[in-house]
Amino acid sequence: MFRTNGGRRALLGATGAVLLALPLAACGEKEETGNEPGAGPSVTSSVDAALAGKVPDAIKADGVIKVGTDSTYAPAEYLDTDGKTVIGFDIDLFNAVAQKLGLKAEYESAPFDAILPAVSSGKYEIGVSSFTINAERVQSVHMVSYYSAGTQWLAKAGATIDIENACGKKVAVQTGAVQVDDLKARSKKCTDAGKPAITIDQYQGQSDATAAVVSGKNDAMLADSPAVAYAVKQSNGQLQLVGDIYESAPYGYAVNRQQQAFAEVLKEAVQAVIADGTYEAALKKWGVEGGGITTSALNPTS
């Protein structure tokens, strides 16, 4: 799903993710196999000495880059079964980007809508959390594109939902996500036409929003397309996709506005992992190669 101040997540793992795992397990948990998304060895890249030399001294001094992430957004970033290790395609991919720069990424879980302010304040050196790049966000942080995703809806299997006429429905969405504005606009169209408004239920974690649909509390949910597709795949037939993906836009790594030099070299590092095949390997590992890009850009908004 797209996010505004931040967006999304988890289906597997602990803490917030378990909220979804429990209702899904009621119909029989699916055992993980070697064909599960994310199965297989870690994807790694090699250091590019020229790029590593461009990293600002303040960032490379300790060899570590501190990353803020909302670890409730499978398959992008979520907690592994140990309840503390953050995994996902965002994580594998950024680890490879960091390695190009001679850095090690250390992840700290945080609420989605708190990450961009924390990047701006200097608490985190970067935000990696499926942030959709838009004009509002690039006003407060630099954003380096690395993936493309759209919005999609899901509902309980067998449900009939018309996303162009969801008036009177109860719809779940993650707090701070771009989809909140989407739903508000749709609801206004309903009330302007004399129809019932859409009830918009916002949840702190993407896993909570998905669980609300599984339980029947909400009629539908919308989020970023990779998260929705993963939720349906992991639901053992309890959920279904609704409608097509729309409004595709790039995800971006968020960097403090005072760190333009770092944002520039980060863009080069993304391009380097695209060029050497590491990028494609990371996306294929998670089955999300459909959103791959060929060129990274700094602050694209159109």
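Is lysine 123 buried, exposed or partly exposed, and why? With a relative accessibility of 47%, lysine 123 counts as partly exposed, because that value falls between the 20% and 50% cut-offs. Keep in mind that you're looking at a predicted model.

Let's check the confidence before going on. The protein chain has an average pLDDT of 87, and 88% of its residues reach at least 70. Residues 1-34 are another story, with a pLDDT below 50, although this stretch has 150 contacts in the model beyond near neighbours in sequence. Where pLDDT is low, the predicted coordinates should not be read in detail.

**Two loop residues**

Back to lysine 123. You'll find lysine 123 in the loop between α5 (112-121) and β6 (126-132). Leaving aside residues up to four places away in sequence, lysine 123 touches Lys66, Glu108 and Ala118.

Now take glutamine 139, which sits in the loop between β6 and β7 (141-156). Glutamine 139 has a relative accessible area of 67%, so it counts as exposed, the cut-off being over 50%.

For each of these loop residues, here's a partner from elsewhere in the chain:

| Pair | Separation in sequence | C-alpha to C-alpha distance |
|---|---|---|
| Lysine 123 and asparagine 256 | 133 residues | 10.0 Å |
| Glutamine 139 and arginine 257 | 118 residues | 8.5 Å |

**A strand, a helix and a strand**

Next, have a look at β8 and β9. Strand β8 covers residues 170-174 and strand β9 covers residues 199-203; the two run parallel and are joined by five bridges. One of the residues involved is lysine 170, whose bridge partner in β9 is threonine 199.

**One disulfide**

How many disulfides does a search of the whole structure find? The search turns up one. It joins cysteine 167 to cysteine 190, with an S to S distance of 2.0 Å. This pair links distant parts of the chain, 23 residues apart: cysteine 167 is in the loop between β7 and β8, while cysteine 190 is in helix α6.

Why is the disulfide called left-handed? Because the torsion about the S-S bond of cysteine 167 and cysteine 190 is about -85 degrees. As for the two cysteines themselves, cysteine 167 is buried and cysteine 190 is buried too.

How values were computed. Residues numbered from 1 in each chain as written. Predicted model: local features only at pLDDT ≥ 70, side-chain atom pairs only at ≥ 80, totals over all residues. Heavy atoms only, no water. Pairing = 2+ DSSP bridges. Helix = DSSP H or I, 4+ residues; strand = E, 2+ residues; numbered from the N terminus. Buried < 20%, exposed > 50% of the residue type's maximum accessible area, 1.4 Å probe, protein only. Contact = heavy atoms within 4.5 Å. pLDDT = per-residue confidence, 0-100. Disulfide = S-S within 2.5 Å.
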